[in-house]
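Hello,

My notes on it come after the files.

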Amino acid sequence: MMSLISIAGLSVRFATRSECVRAVDTVDLEIARGDHLALIGESGCGKTVLGMAVMGLLPENALIRGTIRYRERDLLQAEDAEMQRIRGKEIAMIMQNTASSLNPVIPVGIQVSEPILLHRILPAKAVQAEAIRLLGAMGFDLPERAACRYPHEFSGGMQERILVAIALACRPDIVIADEPTSGLDAEVKSQILHLIKKQMADRTLLLITHDLGTARFLCTRVAVMYAGEIVEEGPAHDLLSLPLHPYTQGLLASLPSAGLHPIPGMSPSPSHLPDGCRFCSRCPSATARCSTEHPRMSVRGARRVRCFHYA
Amino acid sequence: MLELSSVMKYYEKGFFRRHRTTAIDNVSLSVRKGETLGLVGESGSGKTTLGRIALRLIEPSSGMVRFDGIKVTTLSRSALRQLRPRMQIVFQDPDTALNPRMTVHDCVAEPLTIWHLAGPREIEDRIPELLELVGLQPDLAARFPFEISGGQKQRVALARVLALNPEFIVADEPTAALDLSVQAQILGLLKDIQQKRNLTLLFISHDLQVIEKMSDTIAVMHAGKIVERGRTPEIFSNPQNPYTARLVAAARASEAWFGKNPR
């Protein structure tokens, strides 16, 4: 299958005055058309930085290596003007932190219209009707009224729906959703997840989350990130029911339903990564080799895992 | 140990036409010594308000809170202050619970100094002990909150509370801001310390699976009311209230999917 987005050897580093932070390290990832891929991992593992790299939204001080191929071009080499044409129109993002992603002094209808106007998808006259239609499709009962309201007049769940509407306004091929349900209640969360699932039916989704339940509900494939690199990747059902990498196994064992068995220790700091396997110090099955040599990805059928035990 | 009877809390607004919002609606609860009561409910259901009323951080509109036989609700300010070290709280967000301009050492030393529980020299002995109790390396003492991880911050917050040797702790969503594997570490630690020190816990969470692992009894809160309470196994095997049944079914469904224990 042809990949829609093909990430190869992607590394993102941030140089501070005293040290070099390796946020993302030699990530290879193929996303095919129609794929629903979840990128899971703990906070600070680099998953958001990876999403931002695809969107071309990393700050100036980021040192980026590798390629992100999308439709015959490398997004990392694209000019600003070209990125602006792609961003929002072909690749859209649902940002983390709902409240700060909306402009508090602009009615939400205008915020939903903005990308449509900017990318000149529709004639100006039709934009307002389209924004109202989108809000209606997101589950607002009276979309005409909702469009005139300001973000603070909505609950967290409703604000999330507005963000989804903005992301989908230009009918993008690819949507990157960064923790779309963090901070929402169980019931509201489930409504939002159903909405996203419905809206993503014929689109490509890259979901960034630390919530395994959300990943398994929305996605068909899962990639697990640890300390800046992908340690395991494969079909969602296989990976979550029979995890291969010791980190994924530990993550699943620390779920309340599996008995809250914690992984001992902490993730290494991205500015002081160990030479060997990055999970080595916390791994119950580590060997001498694990602490000195860095494991490569081994391919096992449809799955990939970065661990010597499967090499 | 802790007993709440007919506790109400409402907020009123408007001058001519009073408009009343009921946050806590006639709640009665009790927690036995050494046990954990799990309080579960969605946000806005009043769990945090109730937890704070239990410690009288918020005044109830009516009703009575008794702690170890003492009527907390009607206590004078000075008597209440004397009671404070015996009842403590661990907050949801460790980022805002610690003073960003104090080192870990100073954070943990502060309650000891305020309560004159240890002289300057004793404090230096107590701090490494307390840090060890919550599973932190003593050399972390010189760091500031921004230099340590979220899980470590929550451990520091817990060390601060444990410095006072409390008998009762309200844990208000102590792991909501933490990652999965760190959540398991902190909850394990809390249970451990509870057993070691025979602590009484009011454990507040929106996650029924976490509540199940932590609690002896469960109270389910919905729109300011306790809709169901009982021993943990009974709530799970035979929920009476439709809202509880929905929560239990959702918790069971996610368990079935992930399998029992992947290890």
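The notes below cover the contact between the chains, a helix pair in chain A and a helix in chain B. Please keep in mind that this is a predicted model.

Chain contact. On chain A, 27 residues are in contact with 26 residues of chain B. Four helices of chain A each supply at least two residues of the side that touches chain B: α8 (186-199), α9 (212-218), α10 (236-241) and α11 (246-253). Of these, α11(A) gives the most, with five residues. By type, the side of chain A that touches chain B divides into 13 nonpolar, ten polar and four charged residues.

Helix pair in chain A. One of the helices named above, α8(A), also meets α7 (residues 156-168) of chain A: their axes come within 10 Å and cross at roughly 15°. An angle under 35 degrees counts as roughly parallel, so α7(A) is roughly parallel to α8(A). The crossing of the two is right-handed. From α7(A), the residues involved are Gly157(A), Glu160(A), Arg161(A), Val164(A) and Leu168(A), which meet Val188(A), Gln191(A), Ile192(A), Leu195(A), Ile196(A) and Gln199(A) in α8(A). This contact comprises six nonpolar, three polar and two charged residues.

Helix in chain B. Helix α1 (residues 47-54) of chain B is mostly covered, with seven of its eight residues buried. Those buried are Lys47(B), Thr48(B), Thr49(B), Leu50(B), Gly51(B), Ile53(B) and Ala54(B). Just after α1(B), Arg56(B) has a positive phi of about 55°.

Regards

Notes
Residues numbered from 1 in each chain as written. Chains lettered and ligands numbered in written order. Predicted model: local features only at pLDDT ≥ 70, side-chain atom pairs only at ≥ 80, totals over all residues. Contact = placed C-beta atoms within 7 Å. Nonpolar A, V, L, I, M, F, W, Y, C, P; charged D, E, K, R; others polar. Axes fitted to C-alpha atoms, helices over the stretch in contact; angles between N-to-C directions. Parallel < 35°, antiparallel > 145°, perpendicular 65-115°, else oblique. Left-handed = near helix turned anticlockwise from the far one by under 90°. Buried ≥ 20, exposed ≤ 12 C-beta atoms within 10 Å, placed from the backbone.
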